[in-house]
Amino acid sequence: MKNIVLIGMPGVGKSTIGVILAKEIGYRFLDSDLLIQEREGKLLKDIIAEQGIDGFLQVENDVNKSIQTEKTVIATGGSVVYGAEAMEHLKKIATVVYLSCPYDRLTRRLGDLKGRGVVLREGQTLRTIYEERCALYEKYADITVDEGLYDIEQTLEILLTTLKERGRI
């Protein structure tokens with residue numbers, strides 16, 4: 001079980017930090033959003049447009065619950081936590097790290113949510129999905145790093161130290 005899964009809101013830096021972390025510890029890097037796009041042959045926003053939010057979430061759950069890998073840092077999409085089967089599987093094969101970020105800092109980082117392929121139901125705002133998802137991220141996380149307080153290098157250092165202290169790498 002020597003994988004690391006990064007969860008958190010869009011824009012917190014899961015892919016950026018994931019790539020650097022993988023290089024630092026000699027792991028592979030996998031972006032589950034890219035796996036979804038590869039499997040479906042479409043961009044995330046197009047999958048959401050064609051299959052609706054529930055259809056997209058099912059695809060995301062199916063792809064994430066089928067990941068079989070070793071010594072890999074896996075960056076997930078922000079909505080991965082809606083897939084209970086996927087999260088149970090990921091917790092079995094990896095240490096789950098929640099990259100948290102204060103709401104006000106997150107809003108400054110995110111541009112067009114729909115263009116990013118962010119799952120927003122009718123009437124939902126960034127604030128409502130932030131509150132809904134944060135509870136789920138906390139539920140599934142083995143380790144939480146509040147990266148809103150730090151730059152990428154500092155976040156990476158804290159993450160590496162925490163992973164080493166807990167014997168996860």
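Biologist: Let's start with His-89. Which residues does it touch, not counting residues up to four places away in sequence?

Modeller: A contact here means heavy atoms within 4.5 Å. With sequence positions up to four places away left out, His-89 touches Asn-64, Lys-65, Ser-66, Ile-67 and Gln-68. Keep in mind that this is a predicted model, where local features need pLDDT of at least 70 and side-chain atom pairs count only at pLDDT 80 or more, while totals for chains, interfaces and linings use all residues. Numbering starts from 1 along each chain as its sequence is written, and side-chain values use heavy atoms, with hydrogens and water left out.

Biologist: Where does His-89 sit, and is it buried or exposed?

Modeller: Helices (H or I, at least four residues) and strands (E, at least two) are DSSP runs, numbered from the N terminus. His-89 belongs to helix α4, residues 84-93. For burial, under 20% relative accessible area is buried, over 50% is exposed, and partly exposed is in between (1.4 Å probe, protein chains only). His-89 has a relative accessible area of 13%, so it counts as buried.

Biologist: How do I read the packing of α3 on α4, and at what angle do their axes cross?

Modeller: Axes are lines fitted to C-alpha atoms, for helices over the stretch in contact, and angles run from 0 to 180 degrees between N-to-C directions. Helix α3 (residues 44-65) and α4 have axes that come within 8 Å and cross at roughly 20°. Under 35 degrees counts as roughly parallel, over 145 as roughly antiparallel, 65 to 115 as roughly perpendicular, and the rest as oblique. So α3 is roughly parallel to α4.

Biologist: What is the handedness of the α3 and α4 crossing, and which residues meet there?

Modeller: Left-handed means the near helix is turned anticlockwise from the far one by less than a right angle; clockwise is right-handed. The α3 and α4 crossing is left-handed. From α3, Asn-61, Asn-64 and Lys-65 meet Ala-84, Glu-85, Ala-86, His-89 and Leu-90 of α4. By class, that contact has 3 nonpolar, 3 polar and 2 charged residues. The classes: Ala, Val, Leu, Ile, Met, Phe, Trp, Tyr, Cys and Pro are nonpolar, Asp, Glu, Lys and Arg are charged, and the others, Gly among them, are polar.

Biologist: Now α1 and α7. How do their axes cross, and which residues of the two helices meet?

Modeller: Helix α1 (residues 14-25) and helix α7 (residues 152-165) have axes that come within 10 Å and cross at roughly 50°. That makes α1 oblique to α7, and the crossing is right-handed. On the α1 side, Thr-16, Ile-17, Ile-20, Leu-21, Glu-24 and Ile-25 meet Ile-152, Thr-155, Leu-156, Leu-159, Leu-160 and Leu-163 of α7. The class count here is 9 nonpolar, 2 polar and 1 charged.

Biologist: How many disulfides does a search of the whole structure find?

Modeller: A disulfide is a covalent bond between the sulfur atoms of two cysteines; the test here is a pair of cysteine sulfur atoms within 2.5 Å. The search finds 0. Cys-101 is in none, and the nearest cysteine sulfur, that of Cys-134, is 9.3 Å away.

Biologist: Last one: what is the phi of Lys-71, and where is Lys-71 found?

Modeller: Most residues other than glycine have a negative phi. Lys-71 has a positive value, near 50°. Lys-71 is in the loop between α3 and β3 (72-75), and is partly exposed at 49%.
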